[in-house]
Amino acid sequence: MFDGLEEQKSDALLQLIALCNADPRDEKIDVGVGVYRDAAGGTPILRAVKAAEKILLETQETKSYLGSAGDARFVDLIKPIVFGEAAASDERIVGVQTPGGCGALRLGAELIVKANPNARIFVGQPTWPNHQPLIECAGVEMVSHPYYDRATHEIAFDAMMDALEGGKAGDLVLLHGSCHNPTGADLSLDQWRAIAEIVARKGLVPFVDIAYQGLGNGLEEDAAGTRLVVEAADQALIAQSCDKNFGVYRDRVGSLFVKASDASGAGVVMGNLLSLARTMWSMPPDHGGAVVRIILDDQGLRADWRAELDEMCGRIRAIRARLAGYDERLAYINDQNGMFSMLPLTKDQVLALRKDNGIYMADSARINVVGLSDESVEGFARAVVEKMDG
Ligand code: LMR
């Protein structure tokens, strides 16, 4: 039965973790996968998370099933963080807990196919390498359009808008809520407004992936664009993740929200989300969602989490400023947001950095800027510029 299976290439980002781990050089630098690292190069568990885990350990009385929607209180607490306080009671927006942002994206894609097998989704390039497999695995047709011009480091906004003008009512538009992965080039508020206008005018459906809220310019600021398009659209999907902004990566904490045209349509959507989730993971893992719920329900822990999130965001901005200041060809890095930027390097130069300097970045030359410790920024920038100069 398995004889017909074709060999699969390993996921390049996940493989990079193994490659870097296997490198014995002490001075190696891991700017590969998107994981926050502190000034010393570690990824410690947040204080608020540790405290909430203690509370959970002491107070949880059962591990009995919660159901396919997961922890409803967790979802209720995340909703205003993404959509703002005013939208918290909007009955057109329903949500379920999912296994991380990936689970949310996949559930969203399954819902799209179920609602309209002919729907197409417009996806700007480059995008996070797992977007395409996730979307296509569910059977949604993907239409690629330019998003970022590597030569100028700018968003190819006119080309993007031209592509969206070709969309039909019911077509979807994949948007990165903030901290664009892999480029770090976020839409300006004016650009979000223009997208909101075209979405409303043409009846397009935004599918927003918001996985890094709070790590770009702040929790509210990073949701501003998402709120604009969701407000303008009659219907929308939003895949949310807590994996990065709560640092609970392996615990897989996320949610999928769907905006329907009215409250009764939202009820039908909810029923479909539950039945789809049941066929995939039945119920999301509870631990991480419960931890996030405890933090958000407790004023002190919430404040501590906000302070830690601001600290992470500040470190990202500080590293960006240092890289940008090293060489004028890297200056654009300071205008970008979140963990990622793409360096002006060819794949050969990326591979040479790996071999000669023990520097591990994605083949696309995407770097996770906080993979750099305070001490390694300078040496890293020097090695990169040396390769750029040939
Ligand atoms: C990344 O892009 O590095 C992260 O989103 C981790 C992942 O799952 O790929």
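The largest nonpolar core here has 107 residues, and those with the most contacts inside it are L172, V173, V229, I238, L256, L273 and I295. Helix α11 gives this core its largest share, eight residues. Both domain 1 (2-45 + 300-388) and domain 2 (53-298) contribute, with at least three residues each. Please keep in mind that this is a predicted model. Here is a tour, topic by topic.

- The domain assignment of the chain gives domain 1, made of 2-45 and 300-388, and domain 2, which covers 53-298.
- Their C-alpha centres lie 25 Å apart.
- The contact between them takes 26 residues from domain 1 and 28 residues from domain 2.
- On the side of domain 1 that touches domain 2, α1 (12-22), α11 (299-326) and β11 (340-342) each supply at least two residues.
- Helix α11 gives the most to that side, with eight residues.
- By class, that side of domain 1 has 16 nonpolar, eight polar and two charged residues.

**Around the ligand**

- Which residues are around the ligand? They are L13, V33, G34, W128, N130 and N181.
- By class, this shell has three nonpolar and three polar residues, and no charged ones.
- Why does the ligand lie between domain 1 and domain 2? Both domains give residues to the shell around the ligand, so it lies between them.

- Helix α8 spans residues 224-232, and its residues G225, T226, V229 and V230 are buried.
- These four cover an arc of only 125° around the axis, which puts them on the same side of α8.
- The buried residues of α8 pack against the helices α3 (72-83) and α7 (189-202).
- They also pack against the strands β7 (172-176), β8 (205-210), β9 (236-241) and β10 (254-259).

**Cis peptide bonds**

- A cis peptide bond joins Q125 and P126, with omega at about 0°.
- P126 sits in the loop between β3 (120-125) and α5 (131-138).
- Another cis peptide bond joins N181 and P182, with omega at about 25°.
- P182 is placed in the loop between β7 and α7.
- N181, a partner in that cis bond, is also one of the residues around the ligand.

**Positive phi at residues other than glycine**

- C179 has a positive phi of about 55° although it is not a glycine.
- Where is C179? It lies in the loop between β7 and α7, and P182 is also placed in the loop between β7 and α7.
- Is C179 buried or exposed? C179 counts as buried because it has 28 C-beta neighbours inside 10 Å.
- R252 also has a positive phi, of about 60°, and is not a glycine.
- R252 is found in the loop between β9 and β10.
- With 22 C-beta neighbours inside 10 Å, R252 counts as buried.

Technical notes
Residues are numbered from 1 along each chain as its sequence is written. This is a predicted model: local features need pLDDT of at least 70, side-chain atom pairs count only at pLDDT 80 or more; totals for chains, interfaces and linings use all residues. A residue is near a molecule or strand if its C-beta atom, placed from the backbone, lies within 6 Å of it. Ala, Val, Leu, Ile, Met, Phe, Trp, Tyr, Cys and Pro count as nonpolar, Asp, Glu, Lys and Arg as charged, and the others, Gly among them, as polar. Domain bounds come from an automatic or database domain assignment. A residue is buried if 20 or more other C-beta atoms lie within 10 Å of its own, exposed if 12 or fewer, and partly exposed in between; C-beta atoms are placed from the backbone. The arc is that of the directions from the helix axis to the C-beta atoms. Two residues are in contact if their C-beta atoms, placed from the backbone, lie within 7 Å. A nonpolar core is a set of buried Ala, Val, Leu, Ile, Met, Phe, Trp, Tyr and Cys residues joined through C-beta atoms within 7 Å.
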